[in-house]
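These notes are meant for a colleague who is opening this entry for the first time. Please keep the sequence and the 3D view at hand while reading the numbered points.

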Amino acid sequence: MKNESIWKLENRPFQTKILNNDITTDVLIIGGGITGISSAFYLKDSNLKITLIEANTIGSGATLNTTGKMTFLQGLIYHKLENIFDFNTSLKYLQSQLEAINLIEQNIKTYNIDCNYLKNSSYVYTNNEKEIKEFIKEQNFFDKINLKYKIIDKLPIDLDCKYGIKVENTAVFHPIKYLYRLTEEILKNNIDIYEHTTALKIEESDQKYRVYTKDGIITANKIVVATHYPFFIVPALIPFKTHLEKEYVLASKIDKIKEFNAITNKNPIVSTRYHQDKNNYIIFASIESKLAKNLNNEANFSRLIKKFEHQFENKITNLWFTYDLITNDKLPIIGEVKRNFYIATGFNKWGMTNGTIAGKILSDLMTNQPNQYIELFEPNREITMEQIKNFFIDGFTSASSFIDSKINKNKEFYENVEFRTIDNISCGIYTDENKKQHIVKNKCPHMGCSLIFNNEEKTWDCPCHGSRYDLDGNVIKGPSNQNIRFKH
Ligand SMILES: Cc1cc2nc3c(=O)[nH]c(=O)nc-3n(C[C@H](O)[C@H](O)[C@H](O)COP(=O)(O)OP(=O)(O)OC[C@H]3O[C@@H](n4cnc5c(N)ncnc54)[C@H](O)[C@@H]3O)c2cc1C
């Protein structure tokens, strides 16, 4: 069994550049996931000089760890959006998701992309009778717009289901094969991509942005931050408007695939889809919580496996966990934050569609084309007192105090890990199987949260905003862009 996503590919069909001097560009896109690559893709035919930088490798972030469904049936979102905003906002969001599915399908067709694309139906379901009235509210929304759906009381597989909604014309695909093919197209169009290039700092002067990396400064007229969780706090006040949720995922070989994907409405979330490649797989995700809670990864993986084995007898081939940014008002954040400074994030676990539509919206904004979704996802939309309150509850209280009071004092939680103050610096120390000590500073440079040790993957993880570091403190996932190596 591999502790990595099933989408990880050994070979790549393209080569990128190495940055070794200062450069200038019209547009700098930071981040090479579905959002950054889609943005570059939709800008490829413009007259603008486009450059993309990626801290690690293309498609190594959240896009590698998704379940890869392309669906507009995203839980019971539409009646909720209607309540928070209004009918038109909810309808517009639905249209944006349909358009995104269409855009991905068009790309697959036009570029003949071999990405295990499979058209199927989507289900949202529950085994709890008390939830049925919520399903009826969603049905009422669909009735108002004449959207076709079916009510079901059984799924095509043996998962507990009392009530559900089924819709047609959705799909699943291999997100990394799709992303790699778009990357090939981008590179053919004279767009420069630099991997292993982290944006460390952004400065604005003379109506230009200067983005600092360790290998050179990139001066750009416009920048797009497509880094999943942005590495800056202001503007856009992202931490106030969002929180991170994690989920554990597994893939298992099966004999035959089925042409549907499904998700439960509420906790305990169970998300299921099939994948047809050289072998057939079922992908099963569950054990969802806020990032700052349920910090014991080993225990969470065991719960996932137990849950899967309760229903299926198949052999598990891959296990991984991932998280996504959830917006408190349930709409993604896409658009111009300030003059020529663009952002796209907060996809609420629906980033295949939202990352794609984000690419199209940002491209239209930068090339002065109309786009009917610009207002819908406005990043500077109002922030409420409720969101500020949630920020303190989610971001600091639960993470810092939980870790300090429970985890750090509960030594048996960690194997071979201890916390100690050295030279007045709070440190985390991991002793490997050769008795070598790896010492890191136990404070995330992004916003100062204490770190936890992830024994499954041997990384130091920030439970507040999701940054991750290897054993020696090198950052392997943002939003942090600084290492936490400890030097005497
Ligand atoms: C369990 C789970 C299941 C999901 N399943 C689905 C699904 O079925 N369908 C769906 O539509 N969505 C799904 N999602 C959501 C989806 O996976 C994400 O929303 C989407 O992949 C986000 O893409 P992105 O391009 O914004 O981020 P990423 O893919 O994370 O890309 C951001 C990139 O920016 C780079 N970066 C970060 N900081 C810097 C820096 N300072 N300098 C340079 N580069 C930087 C990172 O290395 C990374 O490669 C799921 C999410 C979860 C948690």
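**Notes on the model**

1. Helix H4 is followed by asparagine 112, a residue whose phi is positive, near 50°. The model is a predicted one, and the angle given here is read from its coordinates like the other values below. Asparagine 112 is not a glycine, although its phi is positive at about 50°, and its place is in the loop between H4 and strand S4, the strand that covers residues 118-126. As background, most residues other than glycine have a negative phi.

2. Helix H4 itself runs over residues 87-110, which gives it 24 residues. From its first C-alpha to its last, H4 reaches 34 Å, close to the 34 Å expected at 1.5 Å a residue. At the N-terminal end, H4 is capped by aspartate 86, a side-chain oxygen of which lies 3.3 Å from the backbone nitrogen of asparagine 88.

3. Turning to the overall division, the chain is split into domain 1, made up of 1-114, 173-260 and 295-383, and domain 2, made up of 403-477. The C-alpha centres of domain 1 and domain 2 lie 28 Å apart. To the contact, domain 1 contributes 16 residues and domain 2 contributes 19 residues.

4. How much area do domain 1 and domain 2 bury between them? The figure is about 1500 Å², and 57% of it is on carbon and sulfur atoms. On the side of domain 1, the residues that lose the most area to domain 2 are Leu295, Glu298 and Tyr323, which together account for 36% of what that side buries.

5. Across the interface of domain 1 and domain 2, the rule finds zero salt bridges, whereas three residue pairs are found in polar contact, with both residues at pLDDT 80 or more. Helix H8 (297-311) and strand S15 (316-327) each supply at least two residues of the side of domain 1 that touches domain 2, and the largest share of that side, three residues, comes from H8. Sorted by class, that side of domain 1 has 10 nonpolar, five polar and one charged residues.

6. For the structure as a whole, the count of salt bridges by this rule comes to 25. In one of these pairs, the side chains of lysine 177 and aspartate 277 meet at 3.2 Å, N to O.

7. Proline 479 has its place in the segment after strand S24 (475-477). As background to this point, most peptide bonds are trans.

Note on methods: Residues numbered from 1 in each chain as written. Predicted model: local features only at pLDDT ≥ 70, side-chain atom pairs only at ≥ 80, totals over all residues. Heavy atoms only, no water. Domains from an automatic or database assignment. Contact = heavy atoms within 4.5 Å. Buried area = accessible area lost by both parts, 1.4 Å probe. Salt bridge = Lys/Arg side-chain N within 4 Å of Asp/Glu carboxyl O. Polar contact = N/O pair within 3.5 Å; in protein donor to acceptor, adjacent residues only side chain to side chain. Helix = DSSP H or I, 4+ residues; strand = E, 2+ residues; numbered from the N terminus. Nonpolar A, V, L, I, M, F, W, Y, C, P; charged D, E, K, R; others polar. Expected span 1.5 Å × (residues − 1).
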